[in-house]
Amino acid sequence: MRQQVIDTKMNSHTAGEADECLFEYLHTEMVNYTLSKASNKKEKEEELSRLEWMGFSVGYRIIERLTRDCSRFKDELDMIKFICTDFWSSLYHKQIDNLRTNHHGVYMLQDNSFRLLNKVGTNCNKQYLQESPRLLAFTCGLLRGSLANLGIISTVNAEISTLPSCKFHVQVQQM
Amino acid sequence: MAVCVAVIGKDNSPKYIRCADESLALQFHCKVHTSIDIIEEKLNIGNKTAIDIRDLYLGLLYATEEYKIYGYATNTKIKFIIVLQSSNISLRDNDVKMIFKKLHAAYSNAVCNPFYIPGDEINSKSFDVSIMEIMGII
(Lines give C-alpha, C1' and ligand atoms only; values in the text may rest on other atoms or scores of the structure.)
Protein backbone atom coordinates (compact mmCIF):
# COMPACT_ATOMS: atom_id res chain seq x y z
CA MET A 1 0.00 0.00 0.00
CA ARG A 2 2.78 2.42 0.83
CA GLN A 3 4.10 3.74 -2.40
CA GLN A 4 6.63 6.39 -3.36
CA VAL A 5 7.24 8.31 -0.18
CA ILE A 6 8.75 6.46 2.72
CA ASP A 7 7.15 7.31 5.99
CA THR A 8 9.54 9.88 7.35
CA LYS A 9 8.24 9.40 10.84
CA MET A 10 9.44 5.82 11.01
CA ASN A 11 12.80 6.48 9.44
CA SER A 12 13.78 9.71 11.08
CA HIS A 13 16.35 8.10 13.34
CA THR A 14 17.64 5.39 11.09
CA ALA A 15 18.04 7.58 7.99
CA GLY A 16 21.55 7.93 6.67
CA GLU A 17 23.25 11.23 6.11
CA ALA A 18 22.94 11.08 2.35
CA ASP A 19 19.18 11.60 2.20
CA GLU A 20 19.43 14.31 4.81
CA CYS A 21 21.78 16.21 2.55
CA LEU A 22 19.49 15.83 -0.43
CA PHE A 23 16.78 17.94 1.11
CA GLU A 24 19.25 20.60 2.17
CA TYR A 25 20.84 20.77 -1.28
CA LEU A 26 17.46 20.88 -2.99
CA HIS A 27 16.27 23.57 -0.65
CA THR A 28 19.34 25.73 -1.24
CA GLU A 29 18.95 25.34 -4.97
CA MET A 30 15.28 26.25 -4.76
CA VAL A 31 16.17 29.43 -2.91
CA ASN A 32 18.88 30.23 -5.44
CA TYR A 33 16.59 29.56 -8.35
CA THR A 34 13.73 31.73 -7.12
CA LEU A 35 16.08 34.58 -6.27
CA SER A 36 17.95 34.38 -9.55
CA LYS A 37 14.80 35.40 -11.40
CA ALA A 38 14.65 38.76 -9.70
CA SER A 39 17.03 41.64 -10.20
CA ASN A 40 16.31 44.22 -7.55
CA LYS A 41 15.52 43.86 -3.89
CA LYS A 42 11.80 44.46 -4.12
CA GLU A 43 11.32 41.79 -6.76
CA LYS A 44 13.33 39.40 -4.66
CA GLU A 45 10.82 39.67 -1.88
CA GLU A 46 8.04 38.93 -4.32
CA GLU A 47 9.88 35.88 -5.57
CA LEU A 48 10.12 34.61 -2.02
CA SER A 49 6.36 34.30 -1.99
CA ARG A 50 6.72 31.74 -4.76
CA LEU A 51 8.97 29.75 -2.49
CA GLU A 52 6.46 30.15 0.30
CA TRP A 53 3.77 28.79 -2.02
CA MET A 54 5.88 25.73 -2.79
CA GLY A 55 6.16 25.15 0.93
CA PHE A 56 2.42 25.54 1.29
CA SER A 57 1.58 22.81 -1.18
CA VAL A 58 4.19 20.47 0.27
CA GLY A 59 2.86 21.07 3.77
CA TYR A 60 -0.71 20.60 2.65
CA ARG A 61 0.08 17.17 1.22
CA ILE A 62 2.50 15.89 3.78
CA ILE A 63 0.17 16.48 6.73
CA GLU A 64 -2.33 13.99 5.29
CA ARG A 65 0.33 11.33 5.48
CA LEU A 66 1.75 12.26 8.86
CA THR A 67 -1.58 12.43 10.66
CA ARG A 68 -2.70 9.09 9.28
CA ASP A 69 -1.86 7.09 12.36
CA CYS A 70 -2.66 9.53 15.09
CA SER A 71 -5.86 10.00 16.96
CA ARG A 72 -8.16 12.89 16.30
CA PHE A 73 -7.00 16.28 17.55
CA LYS A 74 -9.01 17.86 20.32
CA ASP A 75 -8.46 21.51 19.52
CA GLU A 76 -6.16 24.02 17.92
CA LEU A 77 -3.48 23.71 20.59
CA ASP A 78 -3.43 19.96 20.07
CA MET A 79 -2.69 20.47 16.40
CA ILE A 80 0.06 23.01 17.07
CA LYS A 81 1.60 20.57 19.54
CA PHE A 82 1.57 17.90 16.86
CA ILE A 83 3.35 20.33 14.52
CA CYS A 84 5.96 21.06 17.19
CA THR A 85 6.72 17.45 17.94
CA ASP A 86 5.95 14.85 15.29
CA PHE A 87 5.81 17.09 12.26
CA TRP A 88 9.00 18.94 13.12
CA SER A 89 10.95 15.83 14.02
CA SER A 90 9.98 14.04 10.85
CA LEU A 91 11.14 16.97 8.73
CA TYR A 92 13.98 18.50 10.70
CA HIS A 93 14.96 15.61 13.00
CA LYS A 94 14.35 17.58 16.15
CA GLN A 95 11.46 19.08 18.02
CA ILE A 96 10.59 22.71 18.47
CA ASP A 97 12.44 23.94 21.54
CA ASN A 98 9.95 26.46 22.79
CA LEU A 99 6.26 27.02 22.14
CA ARG A 100 4.44 30.05 23.43
CA THR A 101 0.87 31.10 22.97
CA ASN A 102 -1.47 33.78 24.23
CA HIS A 103 -4.41 31.32 23.86
CA HIS A 104 -6.02 33.74 21.43
CA GLY A 105 -4.64 32.47 18.18
CA VAL A 106 -1.05 33.65 18.35
CA TYR A 107 1.69 31.03 18.62
CA MET A 108 5.43 31.48 18.75
CA LEU A 109 7.52 28.48 17.79
CA GLN A 110 11.20 28.75 18.59
CA ASP A 111 13.88 26.44 17.26
CA ASN A 112 17.27 27.00 18.86
CA SER A 113 19.21 25.23 16.17
CA PHE A 114 17.19 25.22 12.98
CA ARG A 115 18.44 22.65 10.53
CA LEU A 116 18.50 24.92 7.49
CA LEU A 117 20.43 27.56 9.40
CA ASN A 118 22.92 25.71 11.53
CA LYS A 119 25.44 25.41 8.71
CA VAL A 120 25.22 29.10 7.91
CA GLY A 121 26.85 30.49 11.00
CA THR A 122 26.99 30.49 14.77
CA ASN A 123 26.21 32.91 17.51
CA CYS A 124 29.09 35.34 17.11
CA ASN A 125 29.06 35.26 13.34
CA LYS A 126 26.85 38.00 11.97
CA GLN A 127 28.13 37.85 8.41
CA TYR A 128 25.09 36.19 6.85
CA LEU A 129 22.42 37.48 9.20
CA GLN A 130 20.99 39.74 6.50
CA GLU A 131 20.68 36.99 3.92
CA SER A 132 19.40 34.17 6.10
CA PRO A 133 15.68 35.06 6.29
CA ARG A 134 15.28 33.79 2.74
CA LEU A 135 16.04 30.30 4.05
CA LEU A 136 12.89 30.42 6.15
CA ALA A 137 10.34 31.25 3.46
CA PHE A 138 9.82 27.62 2.49
CA THR A 139 9.32 26.54 6.08
CA CYS A 140 6.82 29.34 6.68
CA GLY A 141 4.81 28.02 3.77
CA LEU A 142 5.18 24.49 5.08
CA LEU A 143 3.66 25.53 8.39
CA ARG A 144 0.88 27.50 6.76
CA GLY A 145 0.01 24.67 4.38
CA SER A 146 -0.10 21.99 7.00
CA LEU A 147 -2.23 24.11 9.30
CA ALA A 148 -4.52 24.97 6.40
CA ASN A 149 -5.19 21.31 5.73
CA LEU A 150 -5.95 20.80 9.40
CA GLY A 151 -8.53 23.56 9.14
CA ILE A 152 -6.59 26.49 10.60
CA ILE A 153 -6.24 29.47 8.31
CA SER A 154 -3.22 31.44 9.42
CA THR A 155 -0.41 33.75 8.52
CA VAL A 156 3.10 32.67 9.37
CA ASN A 157 6.20 34.78 9.51
CA ALA A 158 9.67 34.18 10.83
CA GLU A 159 12.44 36.12 12.48
CA ILE A 160 16.07 35.48 13.22
CA SER A 161 17.88 37.25 16.00
CA THR A 162 21.00 35.14 16.44
CA LEU A 163 21.98 32.71 13.80
CA PRO A 164 21.20 29.08 14.31
CA SER A 165 18.00 29.92 16.16
CA CYS A 166 14.81 31.26 14.67
CA LYS A 167 11.25 32.01 15.64
CA PHE A 168 8.07 31.36 13.70
CA HIS A 169 5.06 33.48 14.50
CA VAL A 170 1.76 31.86 13.68
CA GLN A 171 -1.25 34.15 13.66
CA VAL A 172 -4.53 32.31 13.33
CA GLN A 173 -7.26 34.08 11.48
CA GLN A 174 -10.36 34.10 13.62
CA MET A 175 -13.51 33.15 11.80
CA MET B 1 -17.19 -7.04 -0.25
CA ALA B 2 -18.09 -3.35 -0.23
CA VAL B 3 -20.77 -2.28 -2.67
CA CYS B 4 -19.98 1.42 -2.54
CA VAL B 5 -16.98 3.51 -1.49
CA ALA B 6 -17.09 7.29 -1.23
CA VAL B 7 -14.66 10.08 -0.36
CA ILE B 8 -16.22 13.31 0.90
CA GLY B 9 -14.21 16.50 1.11
CA LYS B 10 -13.82 19.10 3.86
CA ASP B 11 -16.81 21.08 2.63
CA ASN B 12 -18.99 17.96 2.33
CA SER B 13 -18.74 17.87 -1.44
CA PRO B 14 -18.18 14.45 -3.00
CA LYS B 15 -14.64 13.87 -4.22
CA TYR B 16 -15.01 10.30 -5.32
CA ILE B 17 -17.84 7.78 -5.39
CA ARG B 18 -17.56 4.31 -6.76
CA CYS B 19 -20.28 1.67 -6.76
CA ALA B 20 -19.94 -1.98 -7.56
CA ASP B 21 -23.13 -1.88 -9.59
CA GLU B 22 -23.26 1.34 -11.57
CA SER B 23 -26.99 0.95 -12.30
CA LEU B 24 -27.70 1.50 -8.61
CA ALA B 25 -25.38 4.52 -8.42
CA LEU B 26 -28.10 7.06 -7.71
CA GLN B 27 -29.42 5.10 -4.78
CA PHE B 28 -25.94 4.93 -3.26
CA HIS B 29 -25.26 8.61 -3.85
CA CYS B 30 -28.37 9.28 -1.82
CA LYS B 31 -27.33 6.96 1.00
CA VAL B 32 -23.84 8.44 1.13
CA HIS B 33 -25.17 11.97 1.32
CA THR B 34 -27.66 11.25 4.06
CA SER B 35 -24.92 9.66 6.14
CA ILE B 36 -22.94 12.93 6.15
CA ASP B 37 -25.37 14.27 8.73
CA ILE B 38 -24.58 11.45 11.10
CA ILE B 39 -20.86 11.99 10.63
CA GLU B 40 -21.26 15.69 11.40
CA GLU B 41 -23.15 14.75 14.52
CA LYS B 42 -20.44 12.35 15.61
CA LEU B 43 -17.71 14.86 14.95
CA ASN B 44 -19.78 17.32 17.03
CA ILE B 45 -18.74 20.34 15.03
CA GLY B 46 -19.66 23.43 17.01
CA ASN B 47 -20.94 21.37 19.90
CA LYS B 48 -18.21 20.91 22.48
CA THR B 49 -20.32 19.29 25.18
CA ALA B 50 -20.76 16.02 23.33
CA ILE B 51 -18.30 13.20 23.95
CA ASP B 52 -15.44 13.47 21.53
CA ILE B 53 -14.22 10.46 19.65
CA ARG B 54 -10.45 10.19 19.47
CA ASP B 55 -10.43 7.36 16.96
CA LEU B 56 -10.57 8.24 13.27
CA TYR B 57 -12.87 5.28 12.72
CA LEU B 58 -16.48 6.25 13.40
CA GLY B 59 -17.99 2.80 13.26
CA LEU B 60 -21.41 1.83 11.99
CA LEU B 61 -23.35 4.95 11.00
CA TYR B 62 -26.61 3.19 10.35
CA ALA B 63 -27.99 -0.06 9.14
CA THR B 64 -30.99 -0.85 7.01
CA GLU B 65 -32.35 -4.22 6.03
CA GLU B 66 -30.24 -4.27 2.92
CA TYR B 67 -27.16 -2.22 3.70
CA LYS B 68 -24.80 -1.23 6.49
CA ILE B 69 -22.99 2.06 6.27
CA TYR B 70 -19.65 2.70 7.95
CA GLY B 71 -17.81 6.00 8.35
CA TYR B 72 -14.30 7.28 8.93
CA ALA B 73 -13.05 10.86 9.17
CA THR B 74 -9.43 11.92 8.96
CA ASN B 75 -7.74 14.67 10.92
CA THR B 76 -7.95 16.84 7.82
CA LYS B 77 -11.78 16.58 7.79
CA ILE B 78 -11.94 14.22 4.85
CA LYS B 79 -14.68 11.64 5.28
CA PHE B 80 -14.69 8.11 3.95
CA ILE B 81 -17.91 6.15 3.65
CA ILE B 82 -18.28 2.49 2.89
CA VAL B 83 -21.55 0.69 2.18
CA LEU B 84 -21.70 -3.02 2.84
CA GLN B 85 -24.41 -5.51 2.15
CA SER B 86 -26.22 -6.48 5.36
CA SER B 87 -26.30 -10.09 4.29
CA ASN B 88 -22.52 -10.07 4.38
CA ILE B 89 -21.75 -11.13 7.95
CA SER B 90 -18.23 -12.38 7.32
CA LEU B 91 -16.77 -8.90 7.83
CA ARG B 92 -16.11 -8.00 11.44
CA ASP B 93 -15.62 -4.51 12.83
CA ASN B 94 -11.86 -4.96 12.68
CA ASP B 95 -11.98 -5.92 9.01
CA VAL B 96 -13.92 -2.78 8.22
CA LYS B 97 -11.32 -0.80 10.13
CA MET B 98 -8.59 -2.36 8.03
CA ILE B 99 -10.47 -1.46 4.85
CA PHE B 100 -10.59 2.15 6.00
CA LYS B 101 -6.87 2.10 6.79
CA LYS B 102 -6.17 0.92 3.26
CA LEU B 103 -8.50 3.53 1.87
CA HIS B 104 -6.78 6.24 3.86
CA ALA B 105 -3.38 5.11 2.63
CA ALA B 106 -4.63 5.12 -0.96
CA TYR B 107 -6.13 8.54 -0.47
CA SER B 108 -2.97 10.05 0.97
CA ASN B 109 -1.02 8.62 -1.94
CA ALA B 110 -3.46 10.24 -4.35
CA VAL B 111 -3.19 13.59 -2.57
CA CYS B 112 0.59 13.44 -2.64
CA ASN B 113 0.48 13.55 -6.41
CA PRO B 114 1.84 17.03 -7.15
CA PHE B 115 -0.53 17.42 -10.10
CA TYR B 116 -3.58 16.87 -7.94
CA ILE B 117 -5.09 20.17 -6.83
CA PRO B 118 -6.42 19.83 -3.29
CA GLY B 119 -10.20 20.09 -3.21
CA ASP B 120 -10.70 18.76 -6.72
CA GLU B 121 -12.36 15.50 -7.56
CA ILE B 122 -10.01 12.55 -7.67
CA ASN B 123 -9.35 11.28 -11.19
CA SER B 124 -6.40 9.06 -10.54
CA LYS B 125 -6.05 5.67 -12.20
CA SER B 126 -3.91 4.26 -9.44
CA PHE B 127 -6.47 5.40 -6.89
CA ASP B 128 -9.13 3.65 -8.98
CA VAL B 129 -7.12 0.47 -8.91
CA SER B 130 -6.64 0.52 -5.15
CA ILE B 131 -10.34 1.22 -4.63
CA MET B 132 -11.24 -1.73 -6.81
CA GLU B 133 -8.85 -3.86 -4.81
CA ILE B 134 -10.56 -2.71 -1.63
CA MET B 135 -13.98 -3.49 -3.08
CA GLY B 136 -12.75 -6.85 -4.24
CA ILE B 137 -13.66 -6.27 -7.88
CA ILE B 138 -10.22 -7.19 -9.17
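Modeller: Let us begin with the word "buried": a residue is buried when its relative accessible area is under 20%, exposed when that area is over 50%, and partly exposed in between. Please keep in mind that this is a predicted model.

Biologist: Is E47(A) buried or exposed, then?

Modeller: E47(A) has a relative accessibility of 15%, so E47(A) counts as buried.

Biologist: What does the side chain of E47(A) meet?

Modeller: The side chain of E47(A) forms a salt bridge with that of R50(A), at 3.1 Å from N to O. In general, side chains of opposite charge can pair when their charged atoms come close. Both E47(A) and R50(A) belong to helix 3 of chain A, residues 41-66, where three residues, about one turn of the helix, separate them. R50(A) counts as partly exposed because its relative accessibility is 39%.

Biologist: How many salt bridges are there over all chains?

Modeller: There are six in the structure. One of them joins R144(A) to E52(A), with 2.8 Å between the closest N and O atoms. This pair connects distant parts of the chain, since R144(A) sits in helix 5 and E52(A) in helix 3 of chain A, 92 residues apart. R144(A) is partly exposed at 21%, whereas E52(A) is buried at 18%.

Biologist: Which residue pairs with R18(B) in a salt bridge?

Modeller: The partner of R18(B) is D128(B), and their closest N and O atoms are 3.6 Å apart. Here too, distant parts of the chain are linked: R18(B) is in strand 2 of chain B (residues 14-19) and D128(B) is in helix 3 of chain B (residues 125-135), 110 residues apart. R18(B) counts as partly exposed at 23%, and D128(B) counts as partly exposed at 22%. In chain A, salt bridges with shared partners connect K94(A), D97(A) and D111(A) in one network.

Biologist: Changing topic, in what order do the strands of the chain A sheet lie?

Modeller: The four strands of this open sheet follow the order 1-2-4-3, with antiparallel pairing. At the edges are strand 1 (98-101) and strand 3 (154-159) of chain A, each of which pairs on one side only. From one strand to the next, the twist averages 15°.

Biologist: How many bridges join strand 3 to strand 4 of chain A?

Modeller: Six bridges join these antiparallel strands, and strand 4 covers residues 166-172. As an example, N157(A) has H169(A) of strand 4 of chain A as its bridge partner.

Biologist: Which strands of chain A does helix 4 lie across?

Modeller: Helix 4 of chain A (residues 76-92) lies across strands 1, 2 and 4, at about 15° to strand 2. Helix 5 of chain A (residues 137-149) lies across strands 2, 3 and 4, at about 155° to strand 3.

Biologist: And how many residues of chain B are in contact with chain A?

Modeller: On the chain B side there are 29, in contact with 21 residues of chain A. The two chains bury about 2200 Å² between them, 47% of it on carbon and sulfur atoms. In chain B, R54(B), N75(B) and N109(B) lose the most area to chain A, together 30% of what that side buries.

Conventions: Residues are numbered from 1 along each chain as its sequence is written. Chains are lettered from A and ligands numbered from 1 in the order in which they are written. This is a predicted model: local features need pLDDT of at least 70, side-chain atom pairs count only at pLDDT 80 or more; totals for chains, interfaces and linings use all residues. Side-chain values use heavy atoms; hydrogens and water are left out. Two strands pair if DSSP finds at least two bridges between them. Helices (H or I, at least four residues) and strands (E, at least two) are DSSP runs, numbered from the N terminus. Axes are lines fitted to C-alpha atoms, for helices over the stretch in contact, and angles run from 0 to 180 degrees between N-to-C directions. Contact means heavy atoms within 4.5 Å. A salt bridge is a side-chain nitrogen of Lys or Arg within 4 Å of a carboxyl oxygen of Asp or Glu. Buried means under 20% relative accessible area, exposed over 50%, partly exposed in between (1.4 Å probe, protein chains only). Buried area is the accessible area (1.4 Å probe) that two parts lose on being put together, summed over both.
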